[in-house]
Amino acid sequence: MNKLRILVADDHEVVRAGVRSILQNEPDCDICAEAVTGRQVVTLAQQLKPDVVVLDITMPELNGLEAARQILEAAPDARLLFLSMHESEELVREILDIGAHGYILKSDAGRELAVAMRALRRGETFFTSRVAQIALRSHLHKHHGGRTESVTNGTLTPREREVLQLIAEGKSNKEAALALNISVMTVETHRANIMHKLGAHSIAELVHYAVRNKIIVP
């Protein structure tokens, strides 16, 4: 049986080391690469076409949610397993909408990460129990006429969300343009559109929005 080729993305070395420590005892798992930013994990997924991508939600340059969308476009057969400290209902809905195959809380990784890998190998999904409960509540709420709202309001385009994260991280228009390989004028246009859509009047308000919706970590 071929080993699962796993790409791990987290900006904290201690987390990546923990994942390595857990999976090194699994004979059918092989960590093929590691990434520390959202953009790096997308690039590596495009190049390596891993079987599984383990990623955090909050990462620099490109958050895990946006990275996941781009990974599934570049490597549609990859299975996405989120490993995060966040467990809000909004985030659970978001990762389900993206098409993630699993979600484990970092506090549960020691006892559940290897189990999740076996489930993904079998073609199943794996959600840690607390996240599964949130997902069920969300499903029941939605099907009983409850009004839901995505973590990013659903108003921003994927490119606008990328620009928002870079701005919230303190990047200048020029730095954001270089990171996204677009013109400074285009960044300025996106920035104006973002502020208009969110009703924001300052960078501080954009940063607050990004923090509140787990796009960046303060």
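Student: Why is Q165 called buried?
Tutor: This is a predicted model, so every value here is computed from it. Q165 has a relative accessibility of 0%. Buried means under 20%. Therefore Q165 counts as buried.

Student: Where is Q165 found, and what does Q165 touch?
Tutor: Q165 is found in helix α7, residues 158-168. Leaving out residues up to four places away in sequence, Q165 touches M59, P60, E61, L62, N63, I215 and I216. A contact here needs heavy atoms within 4.5 Å.

Student: Now the aromatic rings. How many aromatic pairs does a search of the whole structure find?
Tutor: The search finds 1. The rings are those of F82 and Y103.

Student: What makes F82 and Y103 a pair, and why is the pair called tilted?
Tutor: Take the distance, then the angle. The ring centres are 6.4 Å apart, and pairing requires centres within 6.5 Å. So F82 and Y103 pair. Their planes meet at 35 degrees. Stacked needs under 30 degrees, and edge-to-face needs over 60.

Student: Which parts of the chain does the pair link?
Tutor: Distant ones. F82 lies in strand β4, residues 79-84, and Y103 in strand β5, residues 102-105. The two residues are 21 residues apart.

Student: Are F82 and Y103 buried or exposed?
Tutor: F82 has a relative accessible area of 0%. Y103 also has 0%. The buried label needs under 20%, so F82 is buried and Y103 is buried.

Student: E94 next. How do you know whether E94 is buried or exposed?
Tutor: By its relative accessibility, 4%. The cut-off for buried is under 20%, so E94 counts as buried. E94 sits in helix α4. Other buried residues of α4 (residues 89-98) include L91, V92, R93, I95 and I98.

Student: What makes the meeting of E94 and R69 a polar contact?
Tutor: The side chain of E94 reaches the side chain of R69 at 2.4 Å. The cut-off is N or O atoms within 3.5 Å, one able to donate a hydrogen and the other to accept it. The pair is listed as a polar contact.

Student: What follows α4?
Tutor: G99, whose phi is positive, near 110 degrees.

Student: And the chain as a whole: how many helices and strands, and what share is buried?
Tutor: The chain has 10 helices and 6 strands. Of its 218 residues, 46% count as buried.

Methods: Residues numbered from 1 in each chain as written. Predicted model: local features only at pLDDT ≥ 70, side-chain atom pairs only at ≥ 80, totals over all residues. Heavy atoms only, no water. Phe/Tyr/Trp six-rings, centres within 6.5 Å; stacked < 30°, edge-to-face > 60°. Helix = DSSP H or I, 4+ residues; strand = E, 2+ residues; numbered from the N terminus. Buried < 20%, exposed > 50% of the residue type's maximum accessible area, 1.4 Å probe, protein only.
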